[in-house]
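Morning, everyone. Please have a look at the model on the screen, and then I'll walk through it.

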Amino acid sequence: MPLPKHTVQPVKLSQVIVPNGIDNELEFVVNSTVCNVMRQIASVSRLANTMFEELTTDFSRLVERTVRLQNRLGKLHEDMQMARSGDEDLTAGVQEVEIPVFSSKKPTDSQVLNQNTIPPSMRSQYDQAEAAPALQQMDELRDDKKTSMRLYSDPSFFFDLWSQEMLQDRKHKRAAKKKRPKGKGKATPLKSGSNQGAQK
């Protein structure tokens with residue numbers, strides 16, 4: 001089910017309740033519609049501001065990562081130029097040294113779907129949602145030792161499903177590889193004389 005990220009309020013412009021004692025009901029509905037249109041314009045302006053703030057944050061992060069990548073590429077290019085410019089053999093008389101396994105010191109992006117990384121628009125939707133029921137109180141009454149909350153809402157469901165599909169795909173590939181017939185030796189071609197004799 002898709003979750004709307006930005007919602008313009010109010011949604012229904014002309015659906016209003018006309019109170020009793022109104023002389024001109026049509027004029028009342030028109031005035032209410034105009035007021036709701038103005039509220040919608042204000043809502044669109046607020047949402048546009050939020051969207052541009054999110055885009056600014058995303059582009060700032062992208063620029064930072066691009067600058068870091070350019071610096072690393074520039075340093076690598078300089079090292080390659082220095083290695084090419086040297087005519088003498090740099091490896092002469094150098095003892096063999098065990099090179100440790102490379103490990104990057106740059107922080108990697110992790111926990112992308114964490115609550116701390118939710119955009120402001122999604123945060124407002126999350127705050128307005130109803131709290132989950134206290135199903136953890138029913139865990140003591142279960143005999144199968146399952147978590148009741150995971151039956152109601154399981155955040156790791158899609159990851160577990162993906163991992164199971166990957167494992168099954170790997171098993172299928174292994175089984176298909178075992179069933180594949182081994183290649184036999186090449187058949188020796190017949191001589192031209194024997195072929196002609198067979199044709200006669």
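Ground rules. This is a predicted model, where local features need pLDDT of at least 70 and side-chain atom pairs count only at pLDDT 80 or more, while totals for chains, interfaces and linings use all residues. Numbering starts from 1 along each chain as its sequence is written, and side-chain values use heavy atoms, with hydrogens and water left out.

The fold. We have five helices and zero strands. Those are DSSP runs, numbered from the N terminus: H or I with at least four residues for helices, E with at least two for strands. The order is α-α-α-α-α from the N terminus on.

Of the 200 residues, 6% are buried. Buried means under 20% relative accessible area, exposed over 50%, partly exposed in between, using a 1.4 Å probe and protein chains only. Accessible surface comes to about 19500 Å², with 57% belonging to carbon and sulfur atoms. That area is Shrake-Rupley, 1.4 Å probe.

How many aromatic pairs does the whole structure hold? The search finds two. Rings of Phe, Tyr and Trp (its six-membered ring) pair if their centres lie within 6.5 Å; planes under 30 degrees apart are stacked, over 60 edge-to-face, the rest tilted.

Phe157 and Phe158 are edge-to-face, at 5.3 Å centre to centre and 80° between the planes. Phe157 is partly exposed at 43%; Phe158 is exposed at 63%.

Phe159 and Trp162 are tilted: 5.9 Å, 35°. Both sit in helix α4 (residues 157-179), three residues apart, about one turn. Phe159 is exposed at 55%, and Trp162 is partly exposed at 48%.
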